[in-house]
Amino acid sequence: MAADEPGALELFVSIGLSESKARETLRNQALSALLREAIVQAQEILGSAADKTVGTLLYNVASRLKDPKHLGFLVEYIATKKIVTDLQLNAALEYVKSHPVEPIDAADFARECGVGVIVTPEQIEEAVEASISKHRAQLLSERYRFNMGLLMGEARSKLKWADGKIIKNEVDLQVSQGGLQIWTRDFGEAATACSSLICILCADHVPCTFPGENYKTEGYVVTPNTMNLLKQHLEITGGQVRTRFPPEPNGILHIGHAKAINFNFGFAKANGGICFLRYDDTNPEKEEEKYFTAIRDIVEWLGYTPYAVTHASDYFDQLYTWAVDLIRRGHAYVCHQKVEEIKGHNPPPSPWRDRPVEESLLLFEVLPFHGEATLRMKLVMEDGKMDPVAYRIKYTPHHRTGDKWCIYPTYDYTHCLCDSIENITHSLCTKEFQARRSSYFWLCNALDVYCPVQWEYGRLNLLYTVVSKRKIIRLVDSGAVRDWDDPRLFTLTALRRRGFPAEAINNFCARVGVTVAQCTMEPHMLEACVREVLNEQAPRVMAVLEPLCVTIVNFPAPHKILEIDVPNFPADETKGFHKVPFQPTIYIEQSDFREVPEKGYKRLAPGQPVGLRHTGYVIAIQSIIKDTNGRVKELEVTCTKSEAAEKPKAFIHWVSNPLVCEVRQYERLFLHKNPEDPAEVPQGFLSDVNPNSLSVIEEALVDRSVCGAKPFTKFQFERLGYFSVDPDSTGAKVSSQKGQKPGRVPSPSPVQMARKGKFSCT
């Protein structure tokens, strides 16, 4: 096997492959064997090692050639530099595929593949000049919105074998020298109009091609019809950027999806484009209506409005028609291998791969009656996996199409074709889909339909959590969490319930950045973004979690209730005030009193007065009342106007005539950073659940200014942290989750309002 032959790695590196790409190639036995043979043949012709340009073409021919018997013929043209561009190689591969009978007519081959054709700089200059002249008025009116790919496409149509990079450089030169200044990488007004951090980031730092420039993408397959298809695409879209967010409706979105939402919608918005929300509803066994609703709610909660809401199932009829066409073209076949047989990295080749086209067409028509039969595509993916499944049988009604179908398309088959139908310009996905890029390009070109660009970026992971849908379900079933929206999880519904603002999540995604490298972040980085937003948005109120009763024996107005004006935001009193009752009986935190204070303790103690926040009074202890067990149950104090008293060492918060509330405080759900790592947690993630991740204070006290607050309303409880009204609150019971303390890692919790309320910590 090629992977075992000595020197194979060095041989592949010698033609210009990176070491990582060479090792990846070695894992694909069929590809590595063919590439080695191509290199050896080229070296025999050259009498020396192949340079990088030749090496790239050799790799491309080895990875894309369907019939190895033509390898020597094509290698000779590459080594002698009669074929020098990808465009020529694409034409050559198409020619040998459509002319299976040997010998190949060398003269006809040379004519069809541009062998010996020389395109001069003068010809390129004239073609570009003619195209710019034709569109000059449109260029000047649309400026940066004009699609430069249209100019390059027209020049390429006149000069079929011209180097695309040279045409691109000539277009840039003529536009610049002509004073048009129509396009810049900062996207001008579009980026300015997009205020969010993620939009600005997408406008400035994403290395994607412009609409119509798809052929510039690495690995993009160019066929003789590519430029015509791109021209038709541009006529439909007008050069507009189009993206899509394509979630599977089989679970609740998590923090990683927030990055995907921001990137897809943000990239489109930053470039004056549009973004579709498209449900990948191809597996009815796992899909539920509640997931469809929750996904759209979250997208809109994050601040994005889809241009259109579509479904993969909208296109089932077209996808089926294309599947039949794929079989007719000889690119797919019906296979009877069982699921267990084709799992894994190197499953055995299908014995049905070469069955006649007519037989596969007949079997595909009656596929629902063939048990475990599947429709498979004839290609080798970048990771070496052969013949991915395009259709499989599922005797499950679909939520939108009912019983119309018993066979459903897979992601590998559906995704790129739906992108093509919707004229998506940039198919943005996470790095694990890079191995599917070749199949993405292959399938669109095998059917001769418009092929978008796929660009991969690093996914976002957080420590101390799991986001796998399957594992979250196990957490729910085991009782470790209540449901998908339990505030200890990092699903987006859970974070919203915990009180995290959408703006903070978007800011976090922007700060993480859009890179090709996977990033794993500490939760406190997200929490810091939350604090920044809540510090500006959450009004301050007073609450006491562990109450201690205090009676003011010389209250200045014993027969009336005083009302204190408390600023909603003490740092900016222009944001208004709320009134708090002040009566002879108040409640303070138990921790704000010490009968015998330790050294450095500055709060209330015998002989050590403290100020009461916002009242203008200082209180001092007169007597300590204890219960029969000797525990302090009440303090009797006197009060003095602040200006008449010595300045106290501290000021404490308090409540009077309060609401009784339930407060839920949360800590991290898992004890270890990587609960799914067997090295850290040998007994599995369920064994790593923190038994103290939830604590409930059933009778906390909150001042009455929060009464009537709606679910998800956020407050900062002074000196305690940020809290959010929980959505499980009712008229008789209002619940709220506790938020984070300014300057430290937060812990969520809920409060009820009315007779007994609940708050959750954000």
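Strand β18 (residues 610-612) and strand β19 (residues 617-626) run antiparallel and are joined by three bridges. Within this pair, V610 stands opposite I619 of β19. The model you are looking at is predicted, so a word on ground rules: local features need pLDDT of at least 70, side-chain atom pairs count only at pLDDT 80 or more, and totals for chains, interfaces and linings use all residues. Residues are numbered from 1 along each chain as its sequence is written, and side-chain values use heavy atoms, with hydrogens and water left out.

Helices (H or I, at least four residues) and strands (E, at least two) are DSSP runs, numbered from the N terminus. Two strands pair if DSSP finds at least two bridges between them. As a reminder, strands of a sheet pair through backbone hydrogen bonds, either parallel or antiparallel.

**The two sheets**

β18 and β19 belong to an open sheet of six strands in the order β17-β14-β20-β19-β18-β21, and its pairing is mixed. At the edges stand β17 (585-589) and β21 (651-652); each has a single partner strand, so one side of each is left without a neighbour in the sheet.

Another open sheet holds three strands, ordered β1-β2-β3, with parallel pairing. Its edge strands, β1 (242-245) and β3 (308-311), each pair on one side only. On average, neighbouring strands here are turned by 35° against each other, direction ignored. Strand β2 (residues 274-279) is joined to β3 by four bridges, and the two run parallel. R278 has T310 as its bridge partner in β3.

**Helices and their packing**

Which residues of helix α5 (residues 71-79) are buried? They are L71, L74, V75, Y77, I78 and A79, where buried means under 20% relative accessible area, exposed over 50% and partly exposed in between (1.4 Å probe, protein chains only). Their cover includes α3 (29-46), α4 (52-64), α6 (86-98) and α7 (106-112). After α5 comes K81, with a positive phi near 60°.

Axes are lines fitted to C-alpha atoms, for helices over the stretch in contact, and angles run from 0 to 180 degrees between N-to-C directions. From α19 the contact (heavy atoms within 4.5 Å) is made by D412, Y413, H415, C416, L417 and D419, and from α20 by Y440, L443 and C444.

**Two buried residues**

Why do A22 and R355 count as buried? The table gives the relative accessibility behind each call.

| Residue | Relative accessibility | Class |
|---|---|---|
| A22 | 0% | buried |
| R355 | 13% | buried |

A22 is found in helix α2 (residues 19-26). Leaving aside neighbours within four places in sequence, A22 touches L9, F12, V13 and L17. E10 lies twelve residues from A22 in sequence, and the two are 8.5 Å apart in space, C-alpha to C-alpha.

R355 sits in the loop between β4 (332-335) and α18 (357-365). The side chain of R355 makes a polar contact with the side chain of E359 (2.7 Å). Such a contact is a pair of N or O atoms within 3.5 Å; within protein, one must be able to donate a hydrogen and the other to accept it, and residues adjacent in sequence count only if both atoms are side-chain atoms. With neighbours within four places in sequence left aside, R355 is in contact with Y333, V334, C335, H336, S360 and L363.
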